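Please open the model in your viewer, with the chains coloured separately and side chains ready to be shown.

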Amino acid sequence: MQTLTNRAKPVDRRPMTLAERLYVVNIFKGMMITLRHMFKKKATIQYPEQQRPFSPVFRGLHVLNRDEQGRERCTACGLCAVACPAEAITMEAAERKPGEEHLYREEKYAAKYEINMLRCIFCGLCEEACPKDAIYLSETFARSNYKREGLIYKKQDLLIPHPIEQPEEYRKALGNRAKQKQSAN
Amino acid sequence: MNPVLLVIDWAFLLEKAILISVVIGLSLFIAMYETYAERKVAAFMQDRRGPNRAGPFGILQPLADGLKLFFKEEIVPNTANKFLFVLGPSLAMLTAMMTSAVIPWGSSVEVFGRQVNLQIADINIGVLFIFGVVSMGVYGIMIGGWASNNKFSLLAALRGASQVISYELPMGLSLISMLIITGSLKMSVIVGGQVDSIYYVLLNPLGFFIFLVCAFAECNRTPFDLPEAENELNFGYHQEYSSMKLGFYLFAEYINMFISSVVMATLFFGGYDIPFVSDAGLVESIGQNWTALIQCLVLFLKTGFFIFLFMWVRWTIPRFRYDQLMNLGWKVMIPLALVNMVLVSLLVLTGIIG
């Protein structure tokens, strides 16, 4: 019969030899294979303690960024909400009062900012739409939750830690992805 | 007062009671850690790590498993025969525990000037007792499968019963070839014949191999685990069982595994005999009690190897098809055991061995 590729191998249909019919030899061979596997390197990654590095293009949980002085960058322009194909983002704008300059960078800020993680498809269009570099997708992912409400992330869930007060947490939350973006800008 | 009561040796009674509780506690403990070992061995053979969260190296995992089983809801199906449904796992557990009565765990120790034999009952039909009790174990499966009132369970129970019966025959025949060599059914004599002498596995290797395969079948272990075939019979005879009743079945399986490993070590690998060391000489140099302790440990090491073998085989070989199982049992194992029996008896008759 003509084969489609030259890789095809005919099935060995010879009757089994006595050694094969005794099973014992082959069983012994198989047991040696499993025994060898006992001493092999384990494939397991001990998840919470040990984590695999994310790919550089990984798009994870959203983070609302702050500038170097710890002021929120978001101005509640709503471009991210418009860009969002899943309509996961809602926000409410508010005007900055005198004396709040150390909290918000611009005169307008987001009083409420919510992302529904059940709707979000992590496409990253919000990040691309943002003119202020205020939102980006980090290298973590949304944690599981018992209730749907728990997966609607509020502003305090999304906001990055303060860079001056909590520098350690800030750097961790920033991740490699944002650093790359900032150096590119 | 009844004159019979007066002549009871109370110290003897106490000694046996302690021995029984120790042996039962030990077999339960070992069965517990067999579940852990099974999971670890399985994991390692599949390049995984196995349970390692409960305690260091997952040492407390069996406790967690046991607790889980106790906290599960106890379900008795509506259509089940309530009495038999409870009797099934109890019987499986009972028969599993009973076998340990005739195993010699060590020579003897001296406590308060008394010679205490490390064997619960040195009856003159020791091997026969084990054989009888083990074959009773199939009632646990049969009754459980029948009482569940469920087609899968019943089918599994039938499979289990026919399998155990089919494999008991070659097991018995291989035992006969053993008994021709030992000349006694008494466990202490069988071990005594091997102490400081050649092990019977060297005299009767084929008999040992047949016994090993049949032990796998009797314990319903892979490749002979047809009664509880997960993927064909929905876990077979214990499908309807939940909570600790299921735990009893699983536990009974592990105790059976332990006991059959001990029996194999005792019959073919010299039992508590310390290999390459003269036991009598050891008694003189370090004392009787220490020797007994070492003997016990040696027996457990031998047993541990067989338990590992059980697991090793389980995670290597796939399950037999039913007709293959029956072919192997009736057309291969029984003729082989018969030939072996004739061969061994000829050798004994001509005085080459034994």
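Buried area, the quantity needed at the first stop, is the accessible area (1.4 Å probe) that two parts lose on being put together, summed over both. This is a predicted model, in which local features need pLDDT of at least 70 and side-chain atom pairs count only at pLDDT 80 or more, while totals for chains, interfaces and linings use all residues. Residues are numbered from 1 along each chain as its sequence is written, chains are lettered from A and ligands numbered from 1 in the order in which they are written, and side-chain values use heavy atoms, with hydrogens and water left out.

**Stop 1: between chain A and chain B**

Select both chains and look at the area they share: chain B and chain A bury about 1,600 Å² between them, and 65% of this is on carbon and sulfur atoms. On the side of chain B, show B:D47, B:R49 and B:W312, which supply 37% of the area that chain B buries against chain A, more than any other three residues. Counted by contact (heavy atoms within 4.5 Å), 17 residues of chain A and 15 residues of chain B take part.

Next, show A:E49 and B:R53, which form a salt bridge with their closest N and O atoms 2.9 Å apart; the term stands for a side-chain nitrogen of Lys or Arg within 4 Å of a carboxyl oxygen of Asp or Glu. The count of salt bridges between chain B and chain A is one. To place the chain B side of the contact, colour helix 2 (10–45) and helix 13 (288–314) of chain B, the elements that give two or more residues to the side touching chain A. Helix 13 of chain B gives the largest share, four residues. Helices (H or I, at least four residues) and strands (E, at least two) are DSSP runs, numbered from the N terminus.

**Stop 2: salt bridges within the chains**

Over all chains the count comes to 16 salt bridges. Start in chain A with A:E72 and A:K155, whose side chains meet in a salt bridge at 2.9 Å, N to O. This pair links distant parts of the chain, 83 residues apart, with A:E72 in the loop between strand 1 (62–64) and helix 3 (79–83) of chain A and A:K155 in helix 5 (residues 155–158) of chain A. Both A:E72 and A:K155 are buried, where buried means under 20% relative accessible area, exposed over 50%, and partly exposed in between (1.4 Å probe, protein chains only).

Then select A:K112 and A:E92, which meet in a salt bridge at 3.8 Å, N to O. A:K112 lies in strand 3 (residues 108–116) of chain A and A:E92 in strand 2 (residues 89–95) of chain A, so the pair ties together parts that are 20 residues apart in sequence. A:K112 counts as partly exposed, at 41% relative accessibility, and A:E92 also counts as partly exposed, at 45%. Still in chain A, A:D67, A:R71, A:R105, A:E106 and A:K132 can be shown together, as they are linked in a network of salt bridges.

Move to chain B and select B:R221 and B:E38, whose side chains meet in a salt bridge at 2.9 Å, N to O. The two are 183 residues apart, B:R221 being in the loop between helix 9 (205–218) and helix 10 (230–233) of chain B and B:E38 in helix 2 of chain B. B:R221 counts as buried at 1% relative accessibility, and B:E38 is buried with a relative accessible area of 3%.

**Stop 3: a buried lysine in chain B**

Select B:K245, found in helix 11 (residues 243–268) of chain B and buried with a relative accessible area of 10%. Leaving aside residues up to four places away in sequence, B:K245 touches B:E74, B:I75, B:V76, B:F85, B:V86 and B:P89. B:K245 and B:I75 are 170 residues apart in sequence and 9.3 Å apart in space, C-alpha to C-alpha.

**Stop 4: two loop residues**

Show A:D133, in the loop between helix 4 (125–129) and strand 4 (135–137) of chain A; this residue has a positive phi of about 60° although it is not a glycine. In chain B, go to B:F57, in the loop between helix 2 and helix 3 (61–71), where phi is near 60°, a positive value in a residue other than glycine. B:F57 counts as exposed, at 66% relative accessibility.
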